[in-house]
Amino acid sequence: MHTKSLLKSVLYSFLLFFYFSFSKSVNAEAKYQIIDFDTSRYPQISVDLKVRENLLSIEKEVLITEELNTAKKVASDYNLSVHSEPFPLHVYLSIPSYANWEEKKWLMQFSHNIASLVEKSKGRFYLNVQSDDQFHFFEGIPASKLSPSFSLPKEKDPKFPLRSWEKVVNRMKNDDHANKILITVSLQTEWEDKFRIADFAKKVNQENLKVFVVSPNSLETTKLASYVNGKFFAITSEDGIGNLFQELNTASLPKVRLVYISPWNVSVWSQSNLNVNISFGEEGGVTFPYEISALNSLYLKFIDPFVFYPVLFFFIILCFSVLFYLRGFDLAKSKDSFNTKSKVPTIRKIASPTEDTERSKNEVEIYERVYGDVAEKARENEIIAKYLDREEIFGETYHTAVIVFKDGNLSGSKYPIQSEETTIGRSEECDLMLSDPYVNLIHAKIKKVRGRHLLFDCASESGVLLNGKKLLRPKALHDLDEIRIGKTIFSFRGR
């Protein structure tokens, strides 16, 4: 029995040593990382770097080479500069709930320190409280609120903390910030959902997330840190917590910008694939590829605000110019058309002498049909044009209008005005035919002009009375206006 326990303890120590060594090799973060690069101003290339040391001290040791079709060239014209502002951190902190006052006090102090560091970097802080049943997620909590009096949700010790961490990772997918970190805190050494570590690590690596594991030393916790290519910090060690904050401070260091001129200087309208290698002395370096093509060049030029907004402004001015030109063309065309119509000779109807009053109705009807339309149309267009030019048309606009008979056999009858022009008279060709001997064949008409209903007297013998007054020129009709034609009286109703 003593031999078995001895072998078990040796095996356990060996496994611990193996995982710790492996996690250290995995957690050895590169000193230089590429955050982003910009080729929109080719041949000038801009590269944003995240570094863990002062690059300005080794500026002379920077070597930049570009490879094109197995041939390499060295870029000698470059410049290094450091941003004046820190690199904002987006920290997602996942902590367990508390069992007693001391645990809550420690967790709140820990969260307060991390939130303060995030605020110092002008970043964002998110807090998750682990639970097997619910998902507690807080966003935008200021560091000053994270005190022991903070109403932290009271939950049981989570048996499945990976569930909460997966939900946090899903939230992080919507965050496109380049410097986001997930910090998982656990007070336990084993989890019942430890079999899901590989699946969880796969999701983390697909999103290329940075993960810091803060927990007691155990096989499961170090395994999690190694699988997600993250870093492990012992929660029971002051050095572990100190190293965590040192890593956060390093992650918030200002970005370094490297700007250089491409030694190849190929045409932006050609298809070229280049590989860049940037080495910093003997400390290693970074590599990245970029493409030069006509389509990519057009896209980069288009998204450039110094190009996009002037082009947009030009097209807006062009559209307004085309619309103005088309409107002027239509006005000129309509004016020419009107002038052509106005040149039609006005045929005045000569009043018949008293001895010819017994002229037959057939002669009058033929005269009106042959000459009346042309003369009246020309005269009517001329009158309407004068009123439109002088803007003398006043009155209400109505969507629907009707004529209501006020006396006689048709009292109360309604005639809807639907067409643009409604003629009134004894002729069968009129829209509204009246059987009144005192009414001319075409006595009056109602015409829609600019949404208003204008009443015209078609050179009738007895005239048209509007509200008891003789109509001398076209007038716009109003609701409840009384119209008298011959012996027939009706009112105009509009709404």
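In the predicted model, Lys 122 is exposed, with a relative accessible area of 57%. The side chain of Lys 122 meets that of Glu 85 in a salt bridge, with an N to O distance of 3.0 Å. This pair links distant parts of the chain, 37 residues apart: Glu 85 belongs to the loop between strand E5 (78-82) and strand E6 (90-95), and Lys 122 to the loop between helix H2 (101-120) and strand E7 (124-129). Glu 85 has a relative accessibility of 40% and therefore counts as partly exposed.

A search of the whole structure identifies eight salt bridges. Among them is the pair formed by Lys 231 and Glu 247, whose closest N and O atoms are 2.9 Å apart.

Because Glu 482 lies in strand E24 (residues 481-485) and Lys 406 in the loop between strand E15 (401-405) and strand E16 (414-417), the pair ties together parts that are 76 residues apart in sequence. Glu 482 counts as partly exposed, at 31% relative accessibility. Lys 406 is likewise partly exposed, its relative accessible area being 44%.

Helix packing was examined for H3 and H4. The axes of helix H3 (residues 161-172) and helix H4 (residues 197-206) come within 11 Å and cross at roughly 15 degrees. Angles under 35 degrees count as roughly parallel, and H3 is therefore roughly parallel to H4. The crossing of H3 past H4 is left-handed. On the H3 side, the contact is made by Leu 162, Trp 165, Glu 166 and Val 169, while H4 contributes Ile 197, Phe 200, Lys 203 and Val 204. Classified by residue type, the contact of H3 with H4 comprises six nonpolar and two charged residues, with no polar residues.

Terms used
Residues numbered from 1 in each chain as written. Predicted model: local features only at pLDDT ≥ 70, side-chain atom pairs only at ≥ 80, totals over all residues. Heavy atoms only, no water. Axes fitted to C-alpha atoms, helices over the stretch in contact; angles between N-to-C directions. Helix = DSSP H or I, 4+ residues; strand = E, 2+ residues; numbered from the N terminus. Parallel < 35°, antiparallel > 145°, perpendicular 65-115°, else oblique. Left-handed = near helix turned anticlockwise from the far one by under 90°. Contact = heavy atoms within 4.5 Å. Nonpolar A, V, L, I, M, F, W, Y, C, P; charged D, E, K, R; others polar. Salt bridge = Lys/Arg side-chain N within 4 Å of Asp/Glu carboxyl O. Buried < 20%, exposed > 50% of the residue type's maximum accessible area, 1.4 Å probe, protein only.
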